[in-house]
Amino acid sequence: MMNGEPLTILLVEDNRDHAELVMRNMAEFQVANTIFLVEDGQAALDYLHGRGTYADRKQFPIPHLMLLDLRLPKVDGLDVLKEVKTNETLRPLPVVILTTSDAERDMAMAYEYHANSYVTKPVNFDDFSRLLKDLGFFWLAWNKRPW
Amino acid sequence: MPQKNIQDDATPLAFENIELSDVIDAPALQEMMDDYFTLTGFAFAIVDMKGEVLVKGGWQDICVKFHRAQPESCLFCHESDIYLSSGVAPGVFKTYRCKNNMWDIATPIMLGDRHVGNIFMGQLMFDDEEPDYELFRAQARRFGYDETAYIAALDRVPRYNRELVNTAMSFCSKLAQMISKSNYNNIVIAQTLTERKLAEDNLQQKNAELERFTYTVSHDLKSPIITIKGFTGSLEKDLAKGNYERMAGDLKRVSDAADRMNDLLRDLLELSTIGRIIKTPEVVDMNLLVADVLVQLAGPLKNRNLTVAVQPGLPEVLCDKRRMVEVLQNLFENAINYMGDQAEPQIQFGMREDNDVKVFFVKDNGIGIDEKYHKIIFGLFNKLDANSEGTGIGLALVKRIVEVHGGRVWVESKGEGMGSCFCFTIKEAQQ
């Protein structure tokens, strides 16, 4: 955004309605050029490691931000987070947990595994919009990153 | 404290199985009684109800080298230890001639109201009587002892004043009562603690289960609310702007989310009733049960051109019939729904024996399941494909029903494309 490079978000969300809400808001504020959506934890890891369907890094670049739901099919969100933060290459990738869960244990575990931020999906639509706008601008425009 | 059952094992033995050796610290008692022997010179023994000698000291040659050394006379020793010493009230002692004609004195050791052993003193003669040498010579001949050596051993047997012996025995009797009482109390305490520990573990397990349940439910019920609120918010905006094109789609999302909440609530209700309203198990013929279930599934089976091969001669099982129907229904439906594009779809139902345990199975040659998902598929509302039909309660329901029946359920699959075999155990009806 600062220097005109295409900015990408990896959205890991198994609920298609919630994914649509995120993408609709992100599109409205034009914070990212591309949002890749994957619907389970295994697909998220495959994408991040450039495996299988996601082997082409040009088409599927390492994202500038990951929005990660927690309760996911196949591989749990916390396990995805753990793997990202223990991987030397992927570690700087900002991971924002975007979840319905306000369980203290989830939040504690997420920070234990070095989540960059933990936010719960607001029920109110205006709050939801504002949250995504703020998140997008902060992590993609203001935040400095190594790639 | 010595009690191996109390200290070392997680669950103490049932009272009726506890033996004297389980509750006394034999080496410590041995040391104590050795001192007693040094002090008094009285031979002693602590013997359980099987005639096993746990603690002993000061035994006379006549007993060790003759009576107990010869099998036939040794039998007399055992009989005397067990039978002649019986019928004595706690805290009281009995003086009797053993079957080999030595004086013995016994006092019982009780556990609650169970007689578990005796403290003996004896292998002695009283100073107010002369030994009947003829009787002992006859004994020597009968059991083939060296007569001279035997009589010499008899002469070495100490002779005591009756009153002194009675005082010593009164001491032993009180000691026995103390051992009895303290051990009994220890066991009662240990059993109470064990029961409490079991109850606590059970409660903890239930709490953890409840916590997981609440977590899942709160998450899964909140999801549709976010959808409903999110899209109604979006609809309001679009309406204000006169932007109508995506309204129908958004309204459908709202409506579907409400339906999903409804489904979740229905399934939760279903799940929550299983643990409680399970009927008294009845003997159910598995052959008939499977046939019933397959009739109900005739539609979906026909749609996919599927038949189910059922192994003949299945056993009878003990179960809540309605619940077992649900188990089979869910497993068959999964087999049908996850058949993939298999050109020759097959489903089998049968029973095999693993180490004498009867294992029922629903086997298909459908899409299969990667090993890493073999556990999580049984979790409440867990689905491998987020967009497949249903709430993801089916296998959680199966698991719960099978477990309430005291069985186990698991899946065997070599991975994707390799088919799946869902297995469960259930109590077999006793013939």
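In chain A, residues 24 or more positions apart account for 67% of the contacts with a separation of 6 or more, two residues being in contact if their C-beta atoms, placed from the backbone, lie within 7 Å. The model is predicted: local features need pLDDT of at least 70, side-chain atom pairs count only at pLDDT 80 or more, and totals for chains, interfaces and linings use all residues. Residues are numbered from 1 along each chain as its sequence is written, while chains are lettered from A and ligands numbered from 1 in the order in which they are written.

**Architecture of chain A**

- Chain A has 5 helices and 5 strands, taken as DSSP runs numbered from the N terminus (helices: H or I, at least four residues; strands: E, at least two).
- From the N terminus on, the order of elements is β-α-β-α-β-α-β-α-β-α.
- Of its 147 residues, 46% count as buried, that is, with 20 or more other C-beta atoms within 10 Å of their own.

**Nonpolar cores**

- The largest nonpolar core has 43 residues; such a core is a set of buried Ala, Val, Leu, Ile, Met, Phe, Trp, Tyr and Cys residues joined through C-beta atoms within 7 Å.
- Elements of chain A that each supply at least two residues of this core include β1 (8–12), α2 (41–49), β4 (95–99) and α5 (125–142).
- Helix α5(A) gives the most to this core, with 6 residues.
- Among the residues with the most contacts inside the core are A:V12, A:A44 and A:I97.
- Leaving aside neighbours within four places in sequence, A:A44 is in contact with A:L10, A:V12, A:V38 and A:V80.
- A second, separate core of 42 residues includes B:F66, B:I105, B:F120 and B:I179.

**Contact between the chains**

- On chain B, 19 residues are in contact with 21 residues of chain A.
- Helices α8 (162–241) and α9 (247–277) of chain B each supply at least two residues of the side that touches chain A, and the largest share, 11 residues, comes from α8(B).

**Helix pair in chain B**

- The axes of α6 (residues 133–143) and α7 (residues 147–156) of chain B come within 9 Å and cross at roughly 135°; axes are lines fitted to C-alpha atoms over the stretch in contact, and angles run from 0 to 180 degrees between N-to-C directions.
- α6(B) and α7(B) are therefore oblique to each other, the class left once angles under 35 degrees (roughly parallel), over 145 (roughly antiparallel) and 65 to 115 (roughly perpendicular) are set aside.
- In α6(B), B:Y133, B:F136, B:R137 and B:A140 meet B:E147, B:Y150, B:I151 and B:L154 in α7(B).

Definitions and conventions: Buried ≥ 20, exposed ≤ 12 C-beta atoms within 10 Å, placed from the backbone.
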